[in-house]
Amino acid sequence: MKQKCIYILLILLAGILPYTSQARSLEIAREKYRVLYIQSSDNQYLIKERKALLEKAFREADIPVDLYYLSLRTHDVEASYSLKMLRDNLDTYNENLPDIILTVNDDALNFVMASEHSIVLKTPIVFSNVIIPLPIIKDFTRITGQLETIDYRQAYELGKRLFGEVDELQVVYGFQREDFHLKDTADSQLKDIPEFTFLRELSDKGPEDTPIDTVRDPRTVRHALTISNDLPTVWPRDQLTSYYKKVNPVRRFGIKACGEYLFPGFMSYQFQPFIGVTNAYFFDEGFQEAMPHGVIGGYFNTVGRQVDKAVDNCLRILKGEPAESIPIDTGLRIPIFDWKLMQYWGISKDLLPEGSVIVNEPFVVKYKKTLIIGGMAGILLIILFMSYLIRFSREIRSNRNSSVKKLHEEQERIRTTINAVSDCIVSLDCKETIVSINPAAQKLLELDEQSMLLKNRHISSFVKLSPRYKRDPFWFHKLVARSAETHEEQSLPEGSLLELRSGRSLQISGICRSLFMNGIRVGTLFAFRDCTDKLRQEQFLEFSMAAGDVYTWQINIEKKEITFHESFFATNGIDREVPTLGKDEFISLLHPDDRELWIHELDEVIGNTKVDKCKLQVRLKLPVGYVWFEFRLSSIPVVTDDRKNIRLFGICLSIQKLKETESVMQKVLEEAKESDRIKSEFLANMSHEIRTPLNVIVGFSTIINEVEDEEKAQFFELITKNCDTLLRTINDILDISRVESGFPFQFKVCYLKKFLSEVWSDEQSLFEDTDVEFFLEVPDDECLVETDVFRLRQMLEQLIRNARNFTIEGSVTLGYRYRTDDKYVIIYVRDTGLGIAPEDRQIVFERFYKLDKFTSGGGLGLSLCKEIVQRFNGSIQVTDGLHGKGTCVIVNLPVHQVQ
């Protein structure tokens with residue numbers, strides 16, 4: 001009943017699971033799939049290699065997979081124990097179900113199916129390397145894999161092919177469950193073979209009680225063919241040895257199917273070769289490691305093929321294909337043999353089936369024909385090559401003799417040419433030692449015949465080289481090093497100093513260039529000429545130009561370089577060995593405002609054939625700062641239209657003094673214009689300020705005798721008031737003139753608190769009969785100020801009058817602030833009047849400036865105040881009054897501390 005229920009449950013699951021599988025394939029792709037790998041082998045070598053192949057195959061697949069391993073122990077324990085261990089392990093996956101169960105070997109698959117675990121019933125199963133599955137496999141619908149077939153007939157035919165005919169064939173099997181099945185397989189496959197004599201069962205009862213189904217006693221058989229499914233461990237070693245030693249070992253071999261429990265010493269005795277019919281131990285090239293029991297070879301399905309097939313089935317299921325739609329097939333078996341055992345048993349390669357694979361075959365044996373053919377071809381090539389070398393060496397010898405002759409002729413021609421030129425030429429090696437020297441150089445350097453014998457001496461022992469305007473004993477060495485680094489010739493500017501051993505100095509020009517052969521530096525060529533007389537003539541011109549700050553320069557368009565006369569750098573304090581500037585370096589020296597002008601004008605000269613001269617005024621950055629120069633540029637006309645070959649040159653002269661003079665003249669001109677404007681403005685204002693009170697005085701004086709006494713008093717008051725105004729205006733003009741002209745002030749120490757109190761008391765009359773109050777704010781501490789008391793009072797009275805004139809109601813405050821640790825005292829006059837806009841607070845101190853054109857006054861008061869404060873070494877400024885109302889004039893004056 002229980003079994004029927006299980007079958008019904010399996011049928012229901014078979015109907016539901018396909019839909020579940022289809023639904024899972026439509027899920028959003030998980031991060032990784034889970035594959036549970038269960039195996040039951042005890043061969044550690046095989047376990048390790050199969051695991052490595054599985055991991056590699058899944059890693060190279062396009063589906064991410066996590067492998068979980070379970071090794072099932074079955075051979076040396078009770079089946080119930082193995083089953084319990086499997087179920088306990090499967091329970092650990094209840095939370096995270098595997099997507100596939102992959103089993104390897106018979107026991108692994110059979111125990112998984114027999115466990116009847118819920119995970120097994122839910123999860124697709126893929127099996128590999130299975131020979132005899134349990135019958136219940138037909139009840140599992142979601143299962144697929146690859147079965148291994150046992151072909152005893154094929155092994156029998158292979159044995160006869162390798163060893164010849166046999167008298168009798170016996171099949172021996174052990175006590176495992178699959179061995180009894182293999183017994184039936186051997187019986188059915190070999191029963192029509194005349195040599196097939198008996199089946200022998202070896203069980204744990206021992207050889208004495210073992211029943212033998214046989215036609216005759218195997219000890220009478222001379223040439224026996226033994227097919228062994230499993231040689232047992234229950235036989236003692238001596239019994240096995242005595243049994244096989246009594247049988248003639250000639251023409252005898254065994255067919256080995258399994259062998260997990262094969263007696264280890266049996267194969268090591270090498271009583272007979274064995275032919276395998278299963279791949280329980282075979283693993284590609286690791287034949288001896290995987291099959292340690294003397295198997296010479298057989299037909300195998302390799303572990304690599306098994307793994308590839310199993311992984312392919314797993315991937316198909318993970319991609320959504322139902323397991324039941326993947327048919328169970330059998331593996332492809334190929335003949336594979338071990339070379340060492342073939343040699344031991346004297347088996348020739350010619351006896352092997354077609355397409356056989358031989359492992360552990362030495363390289364020389366495996367590729368013997370290829371090596372022989374290659375060796376013969378190599379010998380032939382060597383002979384041909386030697387013939388070619390002999391012929392080639394003869395040609396080289398002939399060509400060399402011809403070349404040597406031509407070389408000597410060319411050397412003589414070059415030597416004659418070098419000796420004939422007027423320029424001095426010295427050849428140096430890499431250590432700057434003289435190798436050769438031409439007559440012109442010998443004469444110029446004052447070398448006699450005895451000195452010429454000492455050619456292998458350093459050049460510095462004969463001469464010393466240095467720049468024209470700088471003593472540098474290592475200068476020539478630096479030029480040589482730069483030429484070696486850049487692979488370009490380095491110029492010696494005209495005027496370079498050459499000091500001879502005699503003490504005489506010459507001015508020379510020339511070049512030095514490093515010589516290379518096949519990319520390796522071999523020496524230096526030093527060519528120069530005496531330009532002393534030429535430079536003396538040029539120096540006269542140079543002195544004249546230097547006196548006027550004029551320098552020559554030229555532009556190399558192709559190299560984008562600008563070269564100045566050396567005096568340009570020396571005169572302007574620039575320490576530079578090479579008088580050449582790159583384009584970018586020169587432009588960086590230009591003032592940023594002049595760079596665009598320079599580039600535009602230069603492009604105009606280069607690109608326009610009609611323009612051959614131009615003049616530019618630019619600023620160059622020198623150690624002292626930016627200096628004005630005028631560059632006058634001229635070009636040599638060219639016949640072709642290629643403007644790249646144009647030569648540009650000219651002079652540059654310093655116009656800094658001219659620019660400074662122009663600046664001074666411009667400033668003087670602006671000051672003159674400003675003075676003229678101020679004069680005109682002054683005359684206009686004074687004309688108005690003087691004419692107005694004079695008109696009042698003259699007018700009222702004319703009619704004063706024609707009016708009544710009461711009106712006469714008013715007229716006298718008006719005349720007096722305008723006389724005061726006229727007098728004040730004239731006094732302001734005179735005072736500001738005195739201050740500006742530097743009229744000396746009478747400085748003395750003043751007690752500021754007392755002084756302000758007196759000024760406040762004297763100015764009270766201005767505020768009588770008005771709505772304006774006059775306050776005094778002074779601190780408790782006295783403050784000493786060194787000042788001209790008269791001018792200070794004059795300034796304060798002016799500020800107080802201004803505050804009174806522009807304040808209709810409110811207050812005017814006179815005061816000062818001072819702390820004993822301050823260096824300045826702050827005097828202020830603050831009002832609550834109309835105030836002054838921020839934009840007018842600077843210009844109110846200019847002469848004749850009036851915020852209100854209709855008020856009285858000449859606009860000189862604040863100007864006079866400013867001049868007085870400046871003479872006091874102080875400052876004056878205008879700010880807002882209290883709470884932003886009115887105006888506050890602040891004066892800062894230096895103080896003397898009260899001791």
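In helix α3, Ala-79, Ser-82, Leu-83, Leu-86, Arg-87 and Leu-90 meet Phe-111, Val-112, Ala-114 and Ser-115 of helix α4, where contact means heavy atoms within 4.5 Å. The residues of this contact divide into 7 nonpolar, 2 polar and 1 charged; Asp, Glu, Lys and Arg count as charged, Ala, Val, Leu, Ile, Met, Phe, Trp, Tyr, Cys and Pro as nonpolar, and the others as polar. The structure is a predicted model, in which local features need pLDDT of at least 70 and side-chain atom pairs count only at pLDDT 80 or more, while totals for chains, interfaces and linings use all residues. Residues are numbered from 1 along each chain as its sequence is written, and side-chain values use heavy atoms, with hydrogens and water left out.

Helix α3 spans residues 79–91 and helix α4 spans residues 106–115, and the two pack at an angle of about 70 degrees with their axes 10 Å apart. That angle makes α3 roughly perpendicular to α4, a term that covers 65 to 115 degrees. Of the 10 residues of α4, 9 are buried, so this helix is largely enclosed by the rest of the structure; buried means under 20% relative accessible area. Among the buried residues of α4 are Asp-106, Asp-107, Asn-110, Phe-111 and Met-113. Glu-116, which comes just after α4, takes a positive phi of about 55 degrees.

Seen as a whole, the chain has 26 helices and 34 strands, which are DSSP runs of at least four residues for helices and at least two for strands. Of its 899 residues, 43% count as buried. Among the contacts in the chain with a separation of 6 or more, 63% come from residues 24 or more positions apart.

An open sheet of 6 strands, paired in the antiparallel sense, runs in the order β17-β16-β21-β20-β19-β18. Strands β17 (434–437) and β18 (463–466) stand at its edges with a single partner strand each, so one side of each is left without a neighbour in the sheet. On average, and with direction ignored, neighbouring strands of this sheet are turned by 35 degrees against each other.

| Strand | Partner | Bridges |
|---|---|---|
| β20 (residues 505–517) | β21 (residues 520–530) | 10 bridges |
| β22 (residues 550–556) | β23 | 4 bridges |
| β23 | β24 (residues 580–582) | 3 bridges |

Strands β22 and β23 form a hairpin with 4 residues between them, and Lys-560 in the turn has a positive phi of about 55 degrees. Thr-563 in β23 stands opposite Gln-554, and Thr-563 also stands opposite Thr-580 in β24. Strand β23 (residues 561–564) has a covered face with Ile-562 and Phe-564, whereas Glu-561 and Thr-563 lie on the uncovered one.

With residues up to four places away in sequence not counted, Val-825 touches Leu-752, Cys-783, Val-785, Tyr-816 and Leu-893, among others.

Key
Axes are lines fitted to C-alpha atoms, for helices over the stretch in contact, and angles run from 0 to 180 degrees between N-to-C directions. Angles under 35 degrees count as roughly parallel, over 145 as roughly antiparallel, 65 to 115 as roughly perpendicular and the rest as oblique. Two strands pair if DSSP finds at least two bridges between them. Buried means under 20% relative accessible area, exposed over 50%, partly exposed in between (1.4 Å probe, protein chains only).
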